[in-house]
Every structure is written in structure tokens, then in C-alpha cells.
Amino acid sequence: MFYLVVFGPPGAGKGTQSDKIIEKYGFAHISTGDVFRANMQEKTELGILAQDYINKGELVPDALTIDMLIKEVAKFPDAKGVILDGFPRTVPQAEALDQILAGENQKVDLVLQLDVTEKEVRDRIEQRAKVSGREDDQKAAIVERRIGEYFSKTIHVLPYYQQQNKVVSLNGIGDIDQIFDQISSAIDARI
Ligand code: ADP
């Protein structure tokens, strides 16, 4: 099974490009943000626990997130590939993922980094706020908190995978289809 991590700041286009990957390659998709939001809507125990963090723009604690990820990965035993969108967001999550996959004789095959400037991210989330209905997109202070979490915690995941030679970095600003062509080439070279 091909494990693909789609990596980048909030608003980088991870969801948009994931949709195109699903369409072309038929991979399963695990978006941790989507899973949390569905749980919040259904008021599950996980949703209730996660929502205080999410609505403040903070990362959900690792233990909770990793537990959730284990359950999600187990849902796709026969997939050709799995896209991890929004996970890992901390180095302990990346370490846990390596352990989880090693237990299944699997590994992360590719980490696609969508490189986008902070300014572009702010502009995009401001636009998305008008249509997303996401509470965490609405307030500037919460958006800033999310961007802050990315640059203080999540960015360190990149050297973790660079040491393993797994990262392909792409400019995330530009034509969506042209960015996707580069993503396709990176997947095709490793699949
Ligand atoms: P975005 O990429 O636009 O910030 P997501 O939908 O991926 O949005 O995530 C929304 C929120 O869910 C994050 O701000 C965070 O609170 C929480 N979250 C998602 N994935 C993780 C993760 N791997 N670890 C901790 N918190 C997470």
C-alpha cells in the first residue's frame, strides 16, 4: 500500500489536491480535520474533547489524535494507497505513524510539501471563511493561532522526513492543475 502524506500550512491546498489524487489514483483519504469535524457534528466523545482545541485554533493533543488515526487507518485494509491529509502535525505524531505502519509492514512512501507563503495562506483562509462555514476560519485571532501552531510545531515534521529522503517540495502557489501535474509525477516516480 502506498502511504502519501500531504503536508503544508492551513490553506495550502491539501484538500483540493487530495481530491484530485483520489480521482486519478483511487486512493483512500484520511483528513484528520474532516474526521474531527464529523465527530464534532455528531457530538461523539472524541468530537466533544477535540472541539475546545479546534475552536481555539490549537492542535488537538497527540494522544487523542494518534488514537483516532489508528482507527482510521484500520478502515482501509485493502486500499491501493492512503492519503494522510493533516497528519502528522507534530514530530511525536510522525514517530507514532512510523510505528503504526511498521506493525503492518508498511511505511510512509512520499511526503508532498505544498509550499505557500504566510501571506497567501491568510488571504486564502479569509476567502474560504465566506463559504466554508468553519468556525475556525471566521476569526482572525483563531486563524493566526493556527498559523502559529504550524510554524512552531508542525514545520519540524519536515526535517524528520527530509532525513529519510521522503520529501518532494512543490510551489503551492499557481495553477491547481499544474500543481497537480507535479504531484502526479512525484507519485508516479515512487509508486
Ligand atoms: P487546516 O489545514 O485548514 O488548518 P484541518 O481541517 O486540517 O484544517 O484541521 C482543522 C483543525 O483540526 C486544526 O486546526 C487542529 O485543531 C485539528 N487537527 C487536525 N489535524 C490534526 C493533527 N494531526 N493533530 C492535531 N490537531 C489536528
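# Salt bridges, ring pairs and the sheet

Me: Glu 118 is partly exposed, with a relative accessible area of 34%, where buried means under 20%, exposed over 50% and partly exposed in between (1.4 Å probe, protein chains only). Which side chain does Glu 118 meet in a salt bridge?

Reply: This is a predicted model, in which local features need pLDDT of at least 70 and side-chain atom pairs count only at pLDDT 80 or more, while totals for chains, interfaces and linings use all residues. Residues are numbered from 1 along each chain as its sequence is written, and side-chain values use heavy atoms, with hydrogens and water left out. A salt bridge requires a side-chain nitrogen of Lys or Arg within 4 Å of a carboxyl oxygen of Asp or Glu. At 2.9 Å, N to O, the partner of Glu 118 is Arg 122.

Me: In which helix do Arg 122 and Glu 118 both lie?

Reply: Helices (H or I, at least four residues) and strands (E, at least two) are DSSP runs numbered from the N terminus. Arg 122 is partly exposed at 31% relative accessible area. Four residues, about one turn, separate Arg 122 from Glu 118, and the helix that holds both, spanning residues 118–132, is α6.

Me: How many salt bridges does a search of the whole structure find?

Reply: Side chains of opposite charge can pair when their charged atoms come close. One of these pairs joins Asp 136 and Arg 134 at 3.0 Å, with Asp 136 buried at 7% and Arg 134 buried at 17%. Over the whole structure the number of salt bridges is 15.

Me: Why is the pair of Tyr 150 and Phe 151 edge-to-face, and at what angle do the planes lie?

Reply: Rings of Phe, Tyr and Trp (its six-membered ring) pair if their centres lie within 6.5 Å, with planes under 30 degrees apart counted as stacked, over 60 as edge-to-face and the rest as tilted. By this rule there are five aromatic pairs. The centres of Tyr 150 and Phe 151 are 4.9 Å apart, and the pair is edge-to-face because the planes lie at 90°.

Me: What is the order of the strands in the open sheet?

Reply: Two strands pair if DSSP finds at least two bridges between them. Five bridges join β1 (residues 2–7) to β4 (residues 108–115), which run parallel, and Leu 4 stands opposite Leu 110 in β4. The open sheet has five strands with parallel pairing, in the order β2-β3-β1-β4-β5.
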